[in-house]
Amino acid sequence: MAPSGASAADAGAAGSGRDVGVVGLGAWQLGADWGEVSEDAAFATLAAAVDAGVTFLDTADVYGDGRSEQIIGRFLRQHPGLTVATKMGRRVPQEPSAYNLDNFRAWNDRSRANLGVDTLDLVQLHCPPTPVYSTDAVFDALDTLVQEKRIAAYGVSVERVEEALTAIARPGVASVQIILNALRLKPLETVLPAAAAAGVGIIARVPLASGLLSGRYDEHTTFGADDHRNYNRHGESFDVGETFSGVPYEVGLAAVRRLRPLVPPGATMAQWALRWIVDQPGVTVVIPGARDADQARANAAAADLAPLTPEAHAAVAEVYNELIRPLVHDRW
């Protein structure tokens, strides 16, 4: 149940009439795009998350070129009733013309096969080119997929606030997935209020700023060659906002050091950072990733923390305004 009192089903994030817990699981890492994750570890992570109360899984057809979807599909056979959101559109050159009904059907059919379902719970356009959000034919095609029962609902995953607002104005959009964390505050200004007014669900992604907000990294931390925190640190492969939320690594470390004293006894910094997101009115579900069972259980437990104090929320805003805002606020 979202903190605002609106369930994901009410807000349209699940699109299937199901309620979902406010802490879900992001499954990018199950595609091994953050370094190798064995299938046994992936299944253990999923099982631990679900045992801890997670009911919402977020994946994409491009994560491991379908590996993440396939693993979740096998997991679903033993754990029916979960809500799975996937995404489409990043497996082809990023031209607006690629976002058409024929491609949508083909992409949906592949995801349905990977996940082993007849109808996808929620399909999101995966950070498409900006003109796509303003193209009527795109949303007409998505409506057709709903009519054909290939999908139960559709939403968008966005990079920019302006893209989110354009999508929210579309009557058929059920959800908007956007980067939101203690180092990326811009969506609080307009996106969350607009989504709440329109009854659109908000899926908060990159909630720990690619692990920065776990508090476990320092200047000496190294990341593998196959980890996007290495190969995309400056936006070499995709939007740099997806890696450390676009915050320069050293600046992010400085911000985390200022925030760490706010973490209450008995909680980890990651749990505190997730609770900050849960506290935001209008957030439907937050989707931290997890590479193992312990991380999955710890993330799910963040929903049980007491709301952060007004002083803690004020401190986040202060750190953002002083260190982060000049670097990222106008970019996304």
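Predicted model: local features only at pLDDT ≥ 70, side-chain atom pairs only at ≥ 80, totals over all residues.
Residues are numbered from 1 along each chain as its sequence is written, and side-chain values use heavy atoms, with hydrogens and water left out.

**Stop 1: the whole chain**

Show the cartoon. The protein has 12 helices and 8 strands; helices (H or I, at least four residues) and strands (E, at least two) are DSSP runs, numbered from the N terminus. The radius of gyration, taken over C-alpha atoms, is 18 Å, close to the 20 Å that the globule rule gives for 332 residues, so the protein is as compact as a globular protein of that length. That rule is 2.2 Å times the number of residues to the power 0.38. Along its principal axes the C-alpha trace spans about 50 × 40 × 40 Å.

Of the 332 residues, 56% count as buried. Buried means under 20% relative accessible area, exposed means over 50%, and partly exposed is in between (1.4 Å probe, protein chains only). Turn next to contacts, meaning heavy atoms within 4.5 Å. Among contacts with a separation of 6 or more, 76% are between residues 24 or more positions apart.

**Stop 2: the sheet**

Select the strands. The 8 strands form an open sheet in the order 1-2-3-4-5-6-7-8, with parallel pairing. Two strands pair if DSSP finds at least two bridges between them. Strands of a sheet pair through backbone hydrogen bonds, either parallel or antiparallel.

Now select 25-26 and 285-286. These are strand 1 and strand 8, the edge strands, and each pairs on one side only. Strand 1 is joined by 2 bridges to strand 2 (residues 56-58), and the two run parallel. Pick out Gly-26, which has Asp-58 of strand 2 opposite it.

**Stop 3: strand 7**

Select residues 201-205. Is this strand mostly covered or mostly open? Strand 7 is mostly covered, with 5 of its 5 residues buried. Show the side chains: Gly-201, Ile-203 and Arg-205 point one way, while Ile-202 and Ala-204 point the other way.

Strand 6 pairs with strand 7 in the parallel sense over 5 bridges, and Gln-177 stands opposite Ile-203. Strand 7 is also joined to strand 8 by 2 bridges, again running parallel; there the bridge partner of Ile-203 is Val-285.

Strand 6, helix 7 and strand 7 make a right-handed β-α-β unit. To check the hand, point the strands away from you: the path from the first strand over the helix to the second runs clockwise in a right-handed crossover.

**Stop 4: helix 6**

Select residues 161-168. Which residues of helix 6 are buried? They are Val-161, Glu-163, Ala-164, Ala-167 and Ile-168. They cover an arc of only 160 degrees around the axis, which puts them on the same side of helix 6; the arc is that of the directions from the helix axis to the C-beta atoms. These buried residues pack against strand 5 (154-157), strand 6 (173-179) and helix 7 (191-198).

Zoom in on Ala-167, which has a relative accessible area of 0%. Leaving aside its neighbours within four places in sequence, Ala-167 is in contact with Tyr-133, Val-156, Val-173 and Val-176.

**Stop 5: two loop residues with positive phi**

Most residues other than glycine have a negative phi. Go to Asp-65, in the loop between strand 2 and helix 3 (67-78). Asp-65 has a positive phi of about 50 degrees, and is partly exposed, at 47% relative accessible area.

Then select Phe-244, in the loop between helix 8 (228-231) and helix 9 (249-259). Its phi is also positive, near 55 degrees, but Phe-244 counts as buried, at 2% relative accessibility.

**Stop 6: Pro-264**

Finish at Pro-264, in the loop between helix 9 and helix 10 (269-278). Pro-264 is partly exposed, with a relative accessible area of 36%.
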